[in-house]
Amino acid sequence: KKPCPLCPEEKFKACYSHKLHRHLQNLHWKVSVEFEGYRMCICHLSCRPVKPNLVGDQTLAKMGAHYHCIICSATIIRRTDMIGHINRHVNKGETESRFITVRAPKSSYEVVKESATDVQVLPNHSTPQKTDSYFNPKMKLNRQLIFCALAVLAGERKPIECLDAFGATGIMGLQWAKHLRSSVKVTINDCNENSVTMIKENCHLNKMKVKLNIKEEDNDETVGDGEENSDTIEVTKMDANVIMHLRSFDFIHLDPFGTSVNYLDSAFRNVRNLGIVSLTSTDISSLYAKAQHVALRHYGCNIVRTEYYKELAARTVIAAVTRAAARCNKGIEVLLAVALEHFVLVVVRVLRGPTPADDSAKKVRYLIHCQWCEERVFQKEGNMVEENPYQQLPCDCHGSMPGKTAVLLGPLWSGALFNTGFLRRMLLEAVQYGLDEAQPLLKTLVCEAECTTLKHFSTHGPGDENKQEECGVYIKTPNTSAESYLVHGKRKSEEVLRGAVKRQRAEHSAEHPPFYYNIHRHSIKGMNMPKLNKFLNYLSEAGYRVSRTHFDPMGVRTNAPLAQFKTVLMKYSTPTYVGAQVEGSVHLPGEIQGGEEVPAAAEIKVEEAELAEDGKSGVATAVFTQSYPAHCAAD
């Protein structure tokens, strides 16, 4: 245990080093005054006695917090007065210290290595509100996905100008410059002066040249031998909105603390055509419907907690991005949308022009969500008011249940969340650069985008062509499957090739079904569900598109309606006990009390009504009436 060197023992007792570090950082370091590389921290020792306390003991002197001037021997109470005092010394030309000062040792920094990139961080780097260099190791997967997206864009055109608008430690921009080299021109920005200083140190730590501005470019010292212009990183100290208004970029990444809606207008103002904007939102409490009023305030969207809340969060963010892009006469194509435990990542490609903007704005719709069975459907296009909007839902809960059963959510993005060709090229980049954590997720995303199971996954899908079209741009791919249709020496070869290309484009144009069902949420009480992979095969054999989803490990993305989903689930479920029907008639009447009879009867009624729609009500009703008491079945 060690005491605080700037506090008396009666105010702060000796404690362990981790608690002492936190105390020094939050109480002394945060309110310090900086001057020529030194910091004058606030002091609570008995250096500056105040007037004696007349109420209590006359000899007891009240001690106050104060600063010590590094130039003279003055002690000043207020921080603003201390800054003015230092400025007066500078105006008089007095900048030499009269005291022996010790710089902060470099050992106080921790060096963290990620993807062959070293960065220095402060001991409290994991607390964003109380540190100048926030670094979260849990966001490693997020950084790898963004790197893969940038690597794909760098393969389309070179060089590209990319911006990390919120640098913090600068690890993301350093990874871009270190691996992609001459393909990118990296700019790392942060509005905090301490963060900018740390970014410069991290650049030198990784043997990168720092470019502050045009005037200082020639005066900068080169680190390392044989350095080229490709190893230069530009570091700026501006507000993110300001730098995005002043300059144009091909790739912009936004990762503020919390929501990123305050920076969307600036991001789409000057981004180049066919460029990429990626944003990471960490305000998961509002996006995951834990603070619904905050989601309404930030995103203008009404959401509730559902079984598909993670995909709902991704579509909420994309809807805000679409509206911001449309205000700048730009449309978007969603390349990637990921919602995990700690963040929501959205990557979109920008399409300039009013026509793409109108097409994107039309895909922002409201969602009708049934609160009884959790069936959902996007509202139809059009401005005419419908007499009964419940007719759009496939379920019949409104007719069988009293009161209002559905709620209107949104506005949400109703289009696709993934681009299959882009995801495949991201997977190739992840394999090339050895990003092991991103590869399993990208494989799942490719299967989810194509709505297929992992068994049928291949590196070169049936939709790959020699020239693949994305956003109006043809991109070369290594697959030569289209050439197999050529019949040399015949005129029909061109026609066969055109037909194959049309079929492949038709397969690619089929979007994945929106939303998913949780197999546990719709399981039948007293029945054992089939294994998830087997259940996917059963749905596929029934003629539906089906795949797993990264949003939920037990989720199933399918175009089957909920009634058919439950029918297949019940068909292949087995009873928990062999004698469940016999035992139920004996034990259940004694277990059900008077207050529990009505909910049990209502539950039977709901299940019987749902099963009657599936055309198998005869068998199902017989099973339920045998396993429950006679008076419940009569109700």
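**Close-up 1. Surroundings of phenylalanine 268 in the predicted model.** In this predicted model, phenylalanine 268 is in contact with Val277, Val321, Ala324, Ala325, Cys328, Lys330, Ile332, Val348 and Val350, when its neighbours within four places in sequence are left aside. Phe268 belongs to the largest nonpolar core, which has 109 residues, and together with Met426 it touches the most other members of that core. Helix α3, which spans residues 140–156, supplies the largest share of this core, namely eleven residues. Another core, of 21 residues, lies apart from this one, and its members include Tyr390, Cys395, Leu539 and Leu562.

**Close-up 2. Packing of helix α3 against helix α13.** The axes of α3 and helix α13 (residues 420–432) come within 9 Å and cross at roughly 105°. Angles of 65 to 115 degrees count as roughly perpendicular, and α3 and α13 are therefore described as roughly perpendicular to each other. On the α3 side the contact is made by Leu145, Cys148, Ala149, Ala151, Val152 and Glu156, while α13 contributes Phe422, Arg425, Met426, Glu429 and Ala430.

**Close-up 3. Packing of helix α3 against helix α4.** Helix α4 covers residues 171–180, and its axis and that of α3 come within 11 Å and cross at roughly 40°. The two helices, α3 and α4, are therefore oblique to each other, and the crossing in which α3 passes α4 is right-handed. From α3 the contact involves Arg143, Ile146, Phe147, Leu150 and Ala151, and from α4 it involves Ile171, Met172, Gln175, Trp176, His179 and Leu180. The residues of this contact divide into eight nonpolar, two polar and one charged.

**Close-up 4. Serine 547 and its contacts.** Serine 547 is found in strand β24, which runs over residues 546–548. With a relative accessible area of 0%, serine 547 counts as buried, because that term applies under 20%. Not counting residues up to four places away in sequence, serine 547 touches Cys447, Glu448, Cys451 and Thr452, as well as Leu536, Gly555, Val556 and Arg557.

Conventions:
Residues are numbered from 1 along each chain as its sequence is written. This is a predicted model: local features need pLDDT of at least 70, side-chain atom pairs count only at pLDDT 80 or more; totals for chains, interfaces and linings use all residues. Side-chain values use heavy atoms; hydrogens and water are left out. Helices (H or I, at least four residues) and strands (E, at least two) are DSSP runs, numbered from the N terminus. Buried means under 20% relative accessible area, exposed over 50%, partly exposed in between (1.4 Å probe, protein chains only). Contact means heavy atoms within 4.5 Å. A nonpolar core is a set of buried Ala, Val, Leu, Ile, Met, Phe, Trp, Tyr and Cys residues joined through side-chain atoms within 4.5 Å. Axes are lines fitted to C-alpha atoms, for helices over the stretch in contact, and angles run from 0 to 180 degrees between N-to-C directions. Angles under 35 degrees count as roughly parallel, over 145 as roughly antiparallel, 65 to 115 as roughly perpendicular and the rest as oblique. A crossing is left-handed if the near helix is turned anticlockwise from the far one by less than a right angle, and right-handed if clockwise. Ala, Val, Leu, Ile, Met, Phe, Trp, Tyr, Cys and Pro count as nonpolar, Asp, Glu, Lys and Arg as charged, and the others, Gly among them, as polar.
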